[in-house]
Amino acid sequence: RASTREAMSTAPARRVGAVREHFIDDDAREYCRALEGAREAAFAMLDARKCHPIMVRLAWHDAGTFDATAADAWPRCGGANGSIRFDAELAHGANAGLKKALGYAREIVERFPALSHADAIQLCGACAIESAGGPRIPMKYGRKDSDEPAREGNLPDAEAPFGDGSKTPGEHLRRVFGRLGFDDREIVALSGAHTIGRAFKERSGTTEYGYGVKNATKYTGGCPFSPKGDGDGDFGMPGGASWTSCWLKFDNSYFTEGGSDDKNLLWLSTDRVLHTDPGFAPHFMRYARDQDAFFFEFAQAFAKLSECGARWVVGKGGVYLPAADR
């Protein structure tokens, strides 16, 4: 997997090299030093707590409130601006269960107070992908924090009835992600993040499986199944339903296992449409065949998502960090 990540990081490395001029003043250099420390702290936190999926979800839910079609100025346009730290936004129905993840991100900010909450949240999401075996994300940093919560209703629903009035899962996904500026290919790539993580009855309500061993599937209750696929049974809290059997390992198994007859795996209508809709299906099938293609295109889409609605206040429009050797 290391060789795959190295291959996929070639383009991001060129991108980093092209923007080294952003490291132009003492403030930007100091911020980058804080980012480097925060990145190592995030990797250590992820290794200790096995909280990779919920940190990816936190990053997505902060950025996913962006509306590129709205006339609202920043920060009311939503996006990756740290607004999810406000209780009013954290209480949105789609954000159920994210209080714990926000606490982890706040620990990073407390250790490195130069960082914005917006940057800490996106940093943890990118580190979670890489730490779980996925690609290195070409991330930009230097976001300004919003001083108000985002409006409710911009995040996608997992099942009908869809809050935006869509009649089908495909229409709903295109409305939500289209508002963010994503096309069919990018929608499928970003959906591949479900290769890690679980849903819980107490959070999304999309599954009958909930907290604890008694409410787990055969993949989420612990021994004899390892969620990382390496025999390590240390994975934190048991329970819930996962989209894949190895739900702490970032690979293309969302596309290879998805839609199977395995009743222990979660597969919702917004997943099913990805391999039945003629606009989505070619990308779904291609990612099932080619993990490298999935990694590269997911990394680009995730970076794009992490910049939605961001206001850059460090360097000349943000700063980039070179990849860390791990």
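Q: Helices are DSSP runs of H or I with at least four residues, and strands are runs of E with at least two, both numbered from the N terminus. With that in mind, where is K50 found?

A: K50 sits in the loop between helix 3 and helix 4. This is a predicted model, in which local features need pLDDT of at least 70 and side-chain atom pairs count only at pLDDT 80 or more, while totals for chains, interfaces and linings use all residues. Residues are numbered from 1 along each chain as its sequence is written, and side-chain values use heavy atoms, leaving out hydrogens and water.

Q: Why does K50 count as buried?

A: Buried means under 20% relative accessible area, exposed means over 50%, and partly exposed is in between (1.4 Å probe, protein chains only). K50 has 14% relative accessibility, so the label buried applies. The backbone of K50 is worth a look too: phi is near 55°, a positive value in a residue other than glycine.

Q: Is D25 buried, exposed or partly exposed, and what value tells you?

A: The relative accessible area of D25 is 32%, which means that D25 is partly exposed. You will find D25 in the loop between helix 2 (10-18) and helix 3 (26-49). Its C-alpha atom is separated by 9.5 Å from that of V314, although the two residues are 289 places apart along the chain.

Q: How do you know whether the radius of gyration of the protein chain agrees with that of a compact globule?

A: The radius is taken over C-alpha atoms, and the globule rule is 2.2 Å times the number of residues to the power 0.38. For 326 residues a compact globule would come out near 20 Å, and the protein chain has 19 Å, so the two agree. The chain's C-alpha atoms fill a box of roughly 55 × 45 × 35 Å along the principal axes. Its fold holds 13 helices and four strands, and buried residues make up 56% of the 326.

Q: What share of the contacts in the protein chain with a separation of 6 or more comes from residues 24 or more positions apart?

A: Contact means heavy atoms within 4.5 Å. Residues 24 or more positions apart account for 73% of those contacts.

Q: What angle do the axes of helix 8 and helix 9 make where they cross?

A: Helix 8 (residues 169-180) and helix 9 (residues 184-191) cross at roughly 95°, with their axes coming within 10 Å. Axes are lines fitted to C-alpha atoms, for helices over the stretch in contact, and angles run from 0 to 180 degrees between N-to-C directions. Under 35 degrees is roughly parallel, over 145 roughly antiparallel, 65 to 115 roughly perpendicular, and the rest oblique. The two helices are therefore roughly perpendicular. Helix 8 contributes L173, R174 and F177 to the contact, and helix 9 contributes D184, I187 and L190. These residues divide into four nonpolar, no polar and two charged.

Q: Which side chains does a polar contact of 2.8 Å join?

A: A polar contact is a pair of N or O atoms within 3.5 Å; within protein, one must be able to donate a hydrogen and the other to accept it, and residues adjacent in sequence count only if both atoms are side-chain atoms. The 2.8 Å contact joins the side chains of H61 and N95. H61 lies in helix 4 (residues 52-63) and, at 8% relative accessibility, is buried. Beyond its neighbours within four places in sequence, H61 is in contact with I84, E89, A94, N95, L98 and L155.

Q: Why is S245 called buried?

A: Its relative accessible area is 17%, so S245 is buried. S245 belongs to the loop between strand 3 (241-242) and helix 10 (253-257). Its side chain makes a polar contact of 2.9 Å with the side chain of E257.

Q: What is the omega of the cis peptide bond that joins W74 and P75?

A: Omega there is about 5°, and P75 is placed in the loop between helix 4 and helix 5 (87-90). The peptide bond from A160 to P161 is cis as well, with omega near 0°.

Note on methods. Nonpolar A, V, L, I, M, F, W, Y, C, P; charged D, E, K, R; others polar.
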